[in-house]
Amino acid sequence: MAVMSTPGRLPAQATGRGATGDPAFRRVALILATSVIIVVIAMLINMTWESRESLNQFGLGFLVGQVWDPVHLVFGALPFIYGTVITSLIALLLAGFVGLGTAIFLAEIAPGWIRTPLSFLVELLAAIPSVVYGVWGIFILGPFLKSNVVPGLKATLGGTPFFQGAFYGQSILTASLVLTIMVLPIVAAISRDVILTVPASQREAMIGLGATRWEVISRAVLPYARTGILGALILGLGRALGETMAVTMLIGNRGQITPSLLKAGDTLASVLANQFAEAQAGLQRSSLVELALILLVISLAVNAVARLLVARAGQAQGAGRI
Amino acid sequence: MAIQAQPLTEGKPIRDLRRGPANFQTRRVRSNVMLGLVYVAVAATLIPLLAVLTWVFVQGLPALNVDFFTKLPGPADDPHQGVANSIVGTVQLLGIASLISVPLGVGAGIYIAEFGGSRYNTLLRFATDVLSGVPSITIGVFVYALVVLPMRSFSMLAGGIALALVMLPILIRTTEEMLRLVPGAVREAALALGAPMWKTIMRYALPAALPGIVTGGLLAMARAAGETAPLLFTALGNNQWNTGITQPVDALTLKVFFYAGQPYEIWRRESWGGAVVLTLMILITSILARLATRRRAGR
Amino acid sequence: MTPTEVEPTTIRQEANGTPLLRPLTINAAAEALPSTEAPALSVRDLQAWYGSFQALKGINIQIAPRQITALIGPSGCGKSTFLRCLNRMHEVIPGARATGEVLFEGQSIYAPGINPVLIRRHIGMVFQKANPFPTKSIFENVASGLRIQGAPKAMIAERVERSLHQAALWDEVKDKLHQPATSLSGGQQQRLCLARAVAVEPEIVLMDEPASALDPIATLKIEELMMQLKQHYTIIVVTHNMQQAARVSDTTGVFMVRPDRAGELVEVGPTRQIFTNPQDSRTEAYITGRIG
């Protein structure tokens, strides 16, 4: 067959052509590949099954129940959902600005020779293990916040409900800040890639109209990239939701719903990390598994939305429309 | 006469090409301020990186002595102890994880890249993306229910399976991408010489993609070595040498986690030592991966 | 202003009698006397570099106001580079620079202290491939320059309508002003970009091969527009299409590439004269199709 040499696989006619061993090989590969789908489905089924006791006992009320009492066997997820949501949102807000700013620098402003090393450093931030961030947070960030930042915060914003109470190093604030550092590289790297795909002609058009440098970025580049940037933010959110170790080590591990960032809290992931290994079989373990199920469903939904956005941004650009 | 363009705003005549109309200075200042904030953002990204890395090295390196690497954990008053079993445990866990995830991952990647119909491939890629987005603690819960409960014991096997699930999506994606980069001409030449499909892939296409796949595999392993959450209730941890694949095993990340909050100096130092070992491992792997990719790009 | 056919017999013939390839339609307005007003742009010894490669050598030209000046020449001879030097867009490319003097209404735009951003408000540009902002509506596209400058709402609405009229686009879009700009055809998008450029009422409009990506009908529309726009604006157009230059322009400048790959302006003059009686042998060679 006359086929142009293109990268990648052969056209369909060439595959599975009945030469020796081919059907078997293909079948083996197919089985191996299908294992991924099986794993995902198995996970969802298994975790739903393991949480059946809790699902039966509490039903939908589990999602709004505020009491978590292993002794009296009353369990509710709300404090942990609250903790997860609040830490993730704070991290997303801060990491969004810092990450987008870094992305703008990498894609628009940095001279060519800086881009690669700086991108590498940003990737390093993402590669550092969560538990290392946790240790650093315990010994450096917590004490630093306590001596240098919280007094100032309390002095200026102490009247608001967000900065009430004593600060003991481990708190929602500390966990959120470390979470910011961990989410930031994802937002920065993906946003940078998206911004780099904005065509030069768009910038030229804005420059030709007499725009300042920032006006070019904010009026031509960022709007064009906005779908992809949104995808980057949501991917960052997905990462924040599932982040476990650093949060467990820094959030103070008290499941409570409080507006004050200086107080301790708990997230879905951190309560699992702390309690699961010693959980009593039965309702407690079942409730913990249900927490894991809730976390799984939220993460999957957020990640799916994010990937859809990033994909749609790429597609629309290819078709010349946004 | 030429039509005079009207000034758009009040203020200076429009032919001032140095200072511009009244609001131009505002625009210029705003642009500079925003660009300044961009620089602040970059600093805000780099300062934490610097802070974490320097602290980890400053605190962790002094903890690395011979004892650290050769002795077992001991009571809080024993100055001569180490985390040897944790380091070995990490290696053992990675070994099991790789044994499971490499065949599965590379096989799946081969299927998607070489065989799959576009519909099924979309489903496979979707499942891979889903798996990579699962929080690692959830993977731990899943493997607990799947392996630990039936076995009635925490084990190295369970921990290895959990880490394999972490590595799997990375391996699948890397294998597929690297195989796609191999030009079709390689496969065509092999087929033209009469080679069967499986040989074409295994003997010709795969080896060409192998350097990239190995790089991806190393990165996956480094990532798995840094994971703690999936091991919390699968491998569980251990202060002794592991006695078998069906028994609990310790990992370096678990040690860092458990010792970090301890009030005893010696244990805290072990924790920092573990942290610096993990960080060094990540640093080295990342740098090697970058160099390898650059060399392949034909620098 | 009806164009006149020009007989090829007026072309100076070589010894072996190489005629023009086909008759040219030349804009009869070229018969008019050269403008007695001060030049809109006065270029003296302009040179341009990309890094260490010199792309333009010593360009000297006076651009008459409210006329169309066409710049022609083979590809790679620096016409687009020259155009971009006129509104200081050339230096936006990393490593690119320009020296020499470009006087806009008596002021040297390359003088130290001059802010290039301000220049571009007076010297606008239309690009080769239409580049409307896809996330903005038709209205917002045209209003872009005005919004940057902080113009009040009423003025924006009025200017947008006026510019769309000037771009002969108003009737086609007046009922869908708030639809995305990408819903227009290629030719309409280019006219939209033209409207966008004239909305800020520059003195000079630079056009870099504005019709090269368009079909012949859309091309003719753009050419008609150019001839109407020159009542209000000075237009400098780079084109690789000699017939277009002959049809549309009052003055033509011919660029050629030297052996060292730098570009230079070999001849400039009234369009009629360039195409019927070129002074430079290279111009004649290009026009008769022997080179380029």
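A: **Packing of helix H1 of chain A**

Helix H1 (residues 22–50) of chain A packs against helix H5 (residues 136–151) of chain B at an angle of about 75 degrees, the two axes lying 10 Å apart. Axes are lines fitted to C-alpha atoms, for helices over the stretch in contact, and angles run from 0 to 180 degrees between N-to-C directions. H1(A) is therefore roughly perpendicular to H5(B) (65 to 115 degrees; under 35 is roughly parallel, over 145 roughly antiparallel, and the rest oblique). Helices are DSSP runs (H or I, at least four residues), numbered from the N terminus.

This is a predicted model, in which local features need pLDDT of at least 70, side-chain atom pairs count only at pLDDT 80 or more, and totals for chains, interfaces and linings use all residues. Residues are numbered from 1 along each chain as its sequence is written, and chains are lettered from A and ligands numbered from 1 in the order in which they are written.

On H1(A), A:Met43, A:Asn46, A:Met47 and A:Glu50 meet B:Val141, B:Phe142, B:Ala145 and B:Leu146 of H5(B); contact requires C-beta atoms, placed from the backbone, within 7 Å.

With helix H4 (residues 118–133) of chain B, H1(A) forms an angle of about 50 degrees, with the axes 9 Å apart. H1(A) is thus oblique to H4(B). Here H1(A) contributes A:Ala33, A:Val36, A:Ile37, A:Val39 and A:Val40, while H4(B) contributes B:Leu123, B:Leu124, B:Ala127, B:Thr128, B:Val130 and B:Leu131.

Notes. Helix = DSSP H or I, 4+ residues; strand = E, 2+ residues; numbered from the N terminus. Contact = placed C-beta atoms within 7 Å.
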